[in-house]
Protein chains: 2
Amino acid sequence: MIIRPFRETDGDALWRVIEPAIRAGETYALPRDMTRAAAVDYWCGRSHETFVAEDGDGGIVGTYYMRPNQKGGGAHVANCGYVTRPDAGGRGIARAMGEHSLNHAKARGFHAIQFNCVVSTNTRAVALWQRLEFQIVGTLPGAFEHPRHGFVDAYIMYRHL
Amino acid sequence: MIIRPFRETDGDALWRVIEPAIRAGETYALPRDMTRAAAVDYWCGRSHETFVAEDGDGGIVGTYYMRPNQKGGGAHVANCGYVTRPDAGGRGIARAMGEHSLNHAKARGFHAIQFNCVVSTNTRAVALWQRLEFQIVGTLPGAFEHPRHGFVDAYIMYRHL
């Protein structure tokens, strides 16, 4: 697997990775009915750097973006979002993207990475970020409306670089 | 003092309120060199509802915006930003805008208000929000670069409605 910058020709493959997560609405605070155009625009937005994880066959099995979490006095803290293609789970892709993002953020001069809304029921993600030394620095009570579980807590996770 | 929705003709007055806070860079994570056009576009953005506080003479002495803090499953939590004109401090304008925003958010159906980056050195703001029953639910270590104090903590503050 290699992780490389997103290219314009990756649009179809990117959509196959992120559409299931958006439609499920269980892990990302994005509208479940978001159009492909809006979703790809968001994921590859102007202030974002977007990467894709490519497996040995050239298939795209994951993607993440990085952006400054705030402007001005907050621009030294990065924010990232990661998605793995559902049929490619359990292969360490999320972890590889997480490690790549830590290295890339450091190389870019960011001081830290912050996640603003890690859904508490997404226990695999929480555990992965904790293994990568992110800490839960805040709990937002009932801040995420889960399609099956109703209003659940969300975590703010933070890691110095 | 009355608090009313922003109108297009308030642009000059709005800029006189927000420019000093942006140029100082001590309380908002916005670029200190932000142009007027970019700042007004941001403050009155498409997903924002913007209000102004008008004193007895018709002068605009404060402003705040409200928006959903996240999309999708996070859209029931509001986020707001508030600024008082520097020469109008100490008259309860920030408190009045805070109370107005709590009522307005409730009327809009939001479940909570969240502040994402309350600069820890902005002790007057922290104290005001605590008086209005906001809680510090997270501390972001060194997440704000203050022009005079260097890297300082920022708080996430949250209040159910």
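A cavity is a set of grid points where a 1.4 Å probe fits but cannot get out, and its lining residues have an atom within 4 Å of a point. The views below show a predicted model.

**Figure 1. The second largest cavity is lined by residues of chain A and chain B.** Chain A supplies A:Cys117, A:Leu140 and A:Ala143 to this lining. From chain B come B:Asn69, B:Gln70, B:Gly74, B:Val77 and B:Gln114. The space inside the second largest cavity is about 30 Å³. Sorted by class, its lining holds four nonpolar and four polar residues, and no charged ones.

**Figure 2. The largest cavity has a volume of about 40 Å³.** On the chain A side, the lining consists of A:Asn69, A:Gln70, A:Gly74, A:Val77 and A:Gln114. On the chain B side, B:Cys117, B:Leu140 and B:Ala143 line the largest cavity. Four of the lining residues are nonpolar, four are polar and none is charged. How many cavities of 30 Å³ or more are there? The count is two.

**Figure 3. Chain A is superposed on chain B by a rotation of 180°.** Two copies of a chain are related by a rotation about an axis and a shift along it. For chain A and chain B, the shift along the axis is 0.0 Å and the RMSD is 0.0 Å. The two copies are thus related as by a two-fold rotation axis. Which residue of chain A has the C-alpha nearest the axis? That residue is A:Gly138, with its C-alpha 2.0 Å from the axis. Both copies use the same surface, as 100% of the contact residues of chain A recur in chain B.

**Figure 4. Helix 1 and helix 2 of chain A cross at roughly 100°.** Two packed helices are described by the angle between their axes and the distance between the axes. In chain A, the axes of helix 1 (residues 11-24) and helix 2 (residues 36-43) come within 10 Å. Because angles of 65 to 115 degrees count as roughly perpendicular, helix 1 of chain A is roughly perpendicular to helix 2 of chain A. Helix 1 of chain A makes the contact through A:Gly11, A:Asp12, A:Leu14, A:Trp15, A:Ile18 and A:Ile22. Helix 2 of chain A contributes A:Arg36, A:Ala39, A:Val40 and A:Trp43. By class, this contact has seven nonpolar, one polar and two charged residues.

**Figure 5. Helix 1 and helix 2 of chain B cross at roughly 100°.** The axes of helix 1 (residues 11-24) and helix 2 (residues 36-43) of chain B come within 10 Å. These two helices of chain B are therefore roughly perpendicular to each other. Residues of helix 1 of chain B in the contact include B:Trp15 and B:Ile18, and those of helix 2 of chain B include B:Val40 and B:Trp43.

How values were computed. Residues numbered from 1 in each chain as written. Chains lettered and ligands numbered in written order. Predicted model: local features only at pLDDT ≥ 70, side-chain atom pairs only at ≥ 80, totals over all residues. Heavy atoms only, no water. 1 Å grid on protein atoms, 1.4 Å probe; cavity = no way out; pocket = protein on both sides within 12 Å on 5 of 7 lines; lining within 4 Å. Points joined across faces, edges and corners; volume = space filled by probe spheres on them. Nonpolar A, V, L, I, M, F, W, Y, C, P; charged D, E, K, R; others polar. Axes fitted to C-alpha atoms, helices over the stretch in contact; angles between N-to-C directions. Helix = DSSP H or I, 4+ residues; strand = E, 2+ residues; numbered from the N terminus. Parallel < 35°, antiparallel > 145°, perpendicular 65-115°, else oblique. Contact = heavy atoms within 4.5 Å. Least-squares fit on C-alpha atoms with pLDDT ≥ 70 in both.
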